[in-house]
Amino acid sequence: MPMQLYNTLTRKKEPLVPQDPSRITFYTCGPTVYDDAHIGNFRSFLAADLLRRWLESPLCELMTESGETHAGPRVVRHIMNITDVGHMTDDDVADGGGEDKMQAATKRLLEQKKAGASHIGEVDPNDPRQIADFYAERFLEDARALGLKVALEANESEAKRRELMPKATESIDGMRGMIEDLASKGFAYRAGDAVYFDVQKYDRYGELSGNTLDKIRSGAGGRVADEHTAEKHSPADFLLWKADASHLMRWPGPVIGGEAVGEGYPGWHIECSVMARAALGDVIDLHSGGEDNIFPHHECERAQSCCATGNDTFARHWFHGRFLQVEGEKMSKSKGNFFTARDLFAQGHEPAAVRLELIKTHYRTNANFTQQGLKDSARTVTRLRKIVEEGETNPGDPTDTGVLEAFGRAMQDDLNIAEAIGVLGAWRHSIEKPTSGDAEIAKQIDRVLGLLGLAQSESTETEIGEYQDGITPDPEIESLLAKRAEARKNKDFATSDAIRDELAGKGYAIKDVAGGKVEVSRK
RNA sequence: GGCCGUGUGCCCGAGUGGACUAAGGGGGCGGAUUGCAAAUCCGCUAUUCGUGGGUUCGAAUCCCACCGCGGCCUCCA
């Protein structure tokens, strides 16, 4: 059974049929780097990463255009852009008002700097390019820590990074070119300082999101402001270029109808059309993003790309992940349930646990990120690691060969990761003593899950303690551990238990491990 | 208001018409082990699938209505 994958465009599960099944083209809308990416962002990027890893797996079978089955492994050319251009908060505002994201970041960073925050280091909060570069670098670090394959590949060299994780600011010429091309073909027009895409010229506008121009016009959300739209042909027309000499980030504008539109900045959809085409060609196999990207971003991107290339199809298959909630609630800074990946690492959670917690819920349901879940995930990772470590020292055949097939069957069905992990649990249960064959199976499964290669949290050893979760040994803990060891030696268990309780009160869990040492971890 | 998705045990989550007397993980309980814990291992832990109707020989699974939750309807993964 070839792999089935839900396609946002057709609103149903259907076989993924790439143009060339041995080499799949995949574009993912990446982060806007005006702040650290949060775990919701990463859930979406990790869903794309999991899909990519699955497609590359020898276990994955795809349908070809002629209806045959194509067995893996295969190559996935995966591109993830980095948006480092600020965008107007409101592109309807014709008079240059509104606030740019990078400008908003500047404001925030200035405030933080005043308040004494040091994490921004030498960055000049008044320079949007420095801000973007700073956060882009941090994004890449986090992405690598979480095992995002595209970020690992991009790390090989600056050339690779430009190729696989292009920045919008590196593609301004291409954007200008596509805007001019769209205008010359009659799909775009100039109105005052702006160039707009003429949605009425593209009759498939709305197919992806299920919107119609009618509904957009009468949108009860009340967000289609009309007083500024007089210059547009349709209220749904969207910005391709905005001339604005006051904008901090600005570039020479396109030439429309022989006249140069002034210096300014591109609209926020055009970059992906340009970068996807440059890296992957006119028609791509797969395109992913968060569910909020469906409209307007991907709808607009599709319109631009199809009109520019003259093809009916831009992306053959659209893949969108649902949002992440935290402890059952919408994630928000005011609720205090807003986490970046590095927040969690700093709390001592290992990247593999964070990764598993973020990928273990089916991408098309709202996931609930919880502290308990993070603990469960950490345990699952430890167990998987153990199978490999113990198995490698015990030569032998696999205990059960059916597990790969069952795991694969689950993944083939629209990336049913939860069932796949269920299969893994039952498999682990059936193993009494892991063999080298079992270790091989675990490793093959992990090439899809991407957990075992990630950095383990540092443990620091002292004479009596093994400190986990990045805990730094300090004299107070050390002396308590020493006292407890002494008490245990004298069989004074009342004292020894009291010390354990005291440490628990300070937030540390301890356990006695082989060799007479005590493992100290966070409670 | 429109569109899209979703609602399964104490919790997270599989299952999408008959092998469901509903995976897997966590938690809890009991046992082995341990000075006691931790970890590990063994056993137990939903006659029931948001609510109410309907279709069917048969429904968690299909249909309708209602309720709850989430997303989009020109910043947003």
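Ala, Val, Leu, Ile, Met, Phe, Trp, Tyr, Cys and Pro are counted here as nonpolar, Asp, Glu, Lys and Arg as charged, and the others, Gly among them, as polar. The close-up views below are taken from a predicted model.

**View 1. The protein surface near RNA strand B.** By class, the surface near RNA strand B consists of 22 charged, 20 polar and 14 nonpolar residues. Helix α14, which spans residues 417–430, makes the greatest contribution to this surface, supplying seven residues. Among the 56 residues around RNA strand B, those that come nearest are P235, A236, W268, G290 and R500. Of the atoms of RNA strand B that come within 4 Å of the protein, 67% belong to sugar and phosphate.

**View 2. Polar backbone atoms of the protein beside RNA strand B.** At D512, a backbone N or O atom is found 2.9 Å from a base nitrogen of RNA strand B. A polar backbone atom of A418 is likewise placed beside a base nitrogen of RNA strand B, at 3.5 Å.

View 3. The volume of the second largest pocket is about 1300 Å³. Its lining comprises 30 residues, of which A378, T382, D469, E519 and S521 are the closest to the centre of the pocket. Helix α12 (371–392) and the strands β20 (508–512) and β21 (518–522) each provide at least two lining residues, and the largest share, ten residues, comes from α12. Divided by class, the lining of this pocket has 13 charged, ten polar and seven nonpolar residues.

**View 4. The largest cavity and the residues around it.** When the whole structure is searched, one cavity of 30 Å³ or more is found, and the space within the largest cavity amounts to about 70 Å³. The lining is formed by R43, A47, L50, F319, L358, I359, T361, H362, Y363, L415 and I417. Both α1 (39–56) and α11 (351–359) supply at least two residues of this lining, with α1 giving the most, namely three residues. By class, eight of the residues that line the largest cavity are nonpolar, two are polar and one is charged.

Note on methods:
Residues numbered from 1 in each chain as written. Chains lettered and ligands numbered in written order. Predicted model: local features only at pLDDT ≥ 70, side-chain atom pairs only at ≥ 80, totals over all residues. Heavy atoms only, no water. 1 Å grid on protein atoms, 1.4 Å probe; cavity = no way out; pocket = protein on both sides within 12 Å on 5 of 7 lines; lining within 4 Å. Points joined across faces, edges and corners; volume = space filled by probe spheres on them. Helix = DSSP H or I, 4+ residues; strand = E, 2+ residues; numbered from the N terminus. Near = heavy atom within 4 Å. Polar contact = N/O pair within 3.5 Å; in protein donor to acceptor, adjacent residues only side chain to side chain.
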